[in-house]
Amino acid sequence: MPWIVGVSGASGTPYAAAVLRALLAAGEAVDLVVSRASRLTLLDETGISFRDAHWQDDLREWLARGADGKPGTFEVDLGATRYWNAGDLAAGPSSGSYAAKGMLIVPASTACVAGVALGLSKDLLQRAASVTLKERRPLVVAVREAPLNGQTLRHLVALDDAGAAVVPASPAFYAGATHIQDLVDFVAGRVLDAAGVGHGLYRRWRGELGGGSGSAGK
């Protein structure tokens, strides 16, 4: 069964890339949903145009790019990856009978958070998230916005009440980050932790002070 990964229009496409790479490296199948707004963000942050007809080539180029924008940083094997157009409300993930392990929304914009919290299902990303909640499957929402207003906070509380895990895209520094990729990988790792997927994206806290002052380890 795949993990459904939804990418919304919030800034933070490197977070999505890190999560996708780690899922594939762990041998997980992935169903990918890229919102219309996220294509604009991806183009702005990476210069990559995500096209339905060439999604494999575009996804491979995106995942190979480092958080610093350098192309060809990572080797990418798309493995068992399936792409669904965000406008396809008849797609597999739109139904509760479609077998999936759960869903990760990374990054999650405040508009996406509101849509999921209110059950709007305006596109496949929101519909798949609603299905994930009603089927009592894991839903992880990596919200990326600052500051957060009261309305968004109420929406996040509603998602928490519904059983979702809310993971702010907030890097920590105790893992000894020395590069922007380390900070991105920390957030991606916390998203995967919330989903129960194993990874080696960051050095975990071992109860020893001063660990973050040395070289960054994984």
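**Close-ups of pockets, a surface patch and salt bridges**

**View 1. The largest pocket and its lining.** Fourteen residues, given here as 14, line the largest pocket, and Ser35, Ala37, Lys122, Asp123 and Gln126 sit nearest its centre. This is a predicted model, where local features need pLDDT of at least 70, side-chain atom pairs count only at pLDDT 80 or more, and totals for chains, interfaces and linings use all residues. Numbering starts from 1 along each chain as its sequence is written, and side-chain values use heavy atoms, with hydrogens and water left out. A pocket here is an open set of points on a 1 Å grid over the protein atoms alone, where a 1.4 Å probe fits, with protein on both sides within 12 Å along at least five of seven lines; lining residues have an atom within 4 Å of a point. The largest one holds about 220 Å³ of space, volume being what probe spheres set on the points fill.

View 2. Helix H1 (residues 13-25) gives the most to its lining, with five residues; helices are DSSP runs of H or I with at least four residues, and strands are E runs with at least two. Among the other lining residues are Phe74, Asp185 and Leu201.

**View 3. A nonpolar patch on the surface.** Tyr174, Trp205 and Leu209 make up the patch, with about 400 Å² of accessible area together. Patch members have over 30% relative accessible area and no salt bridge, and nonpolar side chains are joined within 5 Å. Areas come from the Shrake-Rupley method with a 1.4 Å probe. Tyr174 sits in the loop between strand E6 (165-166) and helix H7 (180-195), and at 36% it is partly exposed; buried means under 20%, exposed over 50%, and partly exposed in between.

**View 4. Glu28 meets Lys101.** These side chains form a salt bridge at 2.7 Å, N to O. The pair links distant parts of the chain, 73 residues apart. A salt bridge needs a side-chain nitrogen of Lys or Arg within 4 Å of a carboxyl oxygen of Asp or Glu. Glu28 is buried at 16%, while Lys101 is partly exposed at 32%.

**View 5. Arg51 and Asp58.** Here the closest N and O atoms are 2.8 Å apart. Arg51 is partly exposed at 40%, but Asp58 is buried at 3%.

Technical notes. Patch = residues over 30% accessible without salt bridge, like charges linked within 9 Å, V, L, I, M, F, W, Y side chains within 5 Å. Buried < 20%, exposed > 50% of the residue type's maximum accessible area, 1.4 Å probe, protein only.
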